[in-house]
Amino acid sequence: MRDFLRINLFWMLTAFCGGVLIDPVLEIRGIAPDFSVISLVVLALAAGSYPATVGGFFLGLVLDLANPSLLGTQALINSLLGYGLGRLRERLAHGMPLVEATVVILAVLVHDLVFLLVRSATGDEPFLLLFFTRSVPVALYSGLVAVPVLRLAVWFGLLYRED
Amino acid sequence: MRGGPAGISQRGELAVLALCSLVSMILILLPGEARIQVADRLGRVLTAPYWSARNFLDDVAALRGENTRLRKELFSLELETAAVVRERSDRQRGAGCALAEGFNGVLAPCRVVTRRRGRFATMIRISSMEPLPWKSWQPVVNRDGMLGRIRTVISPTEAWVELMTAPDFALGVEFVRTGLLGVLQPRGARFFIEMVGRDEDVRRGDLVMTSGITEHREDPSGLSKGVTALRGIPVGKVRSVQVPNDEVFKEIVVDPVAACDRNETVFVVLPGAAAGEPTVEQP
């Protein structure tokens, strides 16, 4: 139960503090790390598919509330992403920052790919332009920032405990 | 989850995923108006407490900033009004045209971040809201009047201030009613005005302000340092006046009008365009 609380506290704090406090500081020309995806990766690697699916759903729902016209979209994407990341957990080489960064980069890219596709389908958003000018830099930046966050999670004993 | 709902089967995980996906799809497929209403209801539960708290804190910060600005404006106006009144009274008592009527500086709002009490000094550390061109010996005041002077500049936004209660503090002062000059010095917990002749007209309740006259003092390195403080900053009110039989000067005790016992905005008095910068002289 203690681990359950610690893991949930950590990923929620990462998502909340990262999005509210750290994002504005790290922002470079409108490009900032996506702490919601980083926190979802932390949750998935720490706890597995089931918690990551539920956590992703609620995280997405909260994000959706900022844009009610697409209500449910991020909840769906993050649920699927959480499930996929959780399933991936057992197949990853543990403790390698490059692997962790790559997972975060791919997760951000997949998230943004689906989200922008949905958004472009409902409006006339320039999908490719946004993907290459926003999503790719955000993914790379998130991968960079995720390394210390995941190291912190390891340091707290939340990841790779069976190792 | 480890330590929590662990041990769920793959089928269970898929069921959870299907449920989350189903709920998400229902939300996505809601008609436009209903979707907005559902988002509104969910927002009241999930995000409204955060936004309420954040808006409240933003409002508090904005109010504090506004309050600081208003206090600065008000205090500046009060000092300027007092300067005009003083100019008139100076003229009435024939003080001469060369006497500066008083405040024409700029007030820079700062907050107190540290208070240090030692055997030989009572100091505060202040932090300004923006970088300031401050220098040692510039006066520091609060809404009521003189608090002390900048002793050490740490950075463009931080400085140590020597309060009037520091044992070696001395300040050139003037009685507002008569224009009489003296030197204010702390002794223990009380403030005395010295160098006022025994036959001079000083009454209980007389207001005392900075005189704008340079005060010299020796520092350990043997240098004589002086500062031209602005005239007209309120300092205190005369509590008692005594004339000891064996003394040439009156014994005047003053209650300071300002104190640093409350957490509030303080102001550094920066010289205005015509005020002349505080000088540090070396003989």
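## Ser136(B) and its loop

Ser136(B) is placed in the loop that joins strand 2 (122-128) to strand 3 (139-141) of chain B; helices (H or I, at least four residues) and strands (E, at least two) are DSSP runs, numbered from the N terminus. This is a predicted model, in which local features need pLDDT of at least 70 and side-chain atom pairs count only at pLDDT 80 or more, while totals for chains, interfaces and linings use all residues. Residues are numbered from 1 along each chain as its sequence is written, and chains are lettered from A and ligands numbered from 1 in the order in which they are written.

Ser136(B) counts as partly exposed because it has 16 C-beta neighbours inside 10 Å; with C-beta atoms placed from the backbone, 20 or more others within 10 Å make a residue buried, 12 or fewer exposed, and a number in between partly exposed. Between the C-alpha atoms of Ser136(B) and Ile150(B) the distance is 5.0 Å, with 14 residues separating the two in sequence.

## Strands 3 and 14 of chain B

Strand 3 of chain B pairs with strand 14 of chain B in the antiparallel sense, over two bridges; pairing requires at least two bridges found by DSSP. Val141(B) has Phe267(B) of strand 14 as its bridge partner.

Strand 14 (residues 265-270) of chain B is largely enclosed by the rest of the structure, because five of its six residues are buried.

Tyr50(A) belongs to helix 3 (residues 49-64) of chain A. Tyr50(A) is buried, since 25 other C-beta atoms lie within 10 Å. From Tyr50(A) to Ser79(A), 29 residues away in sequence, the C-alpha to C-alpha distance is 9.5 Å.

Leaving aside residues up to four places away in sequence, Tyr50(A) touches Ile8(B), Gly12(B), Glu13(B) and Val16(B); contact means that the C-beta atoms, placed from the backbone, lie within 7 Å.

Technical notes. Two residues are in contact if their C-beta atoms, placed from the backbone, lie within 7 Å.
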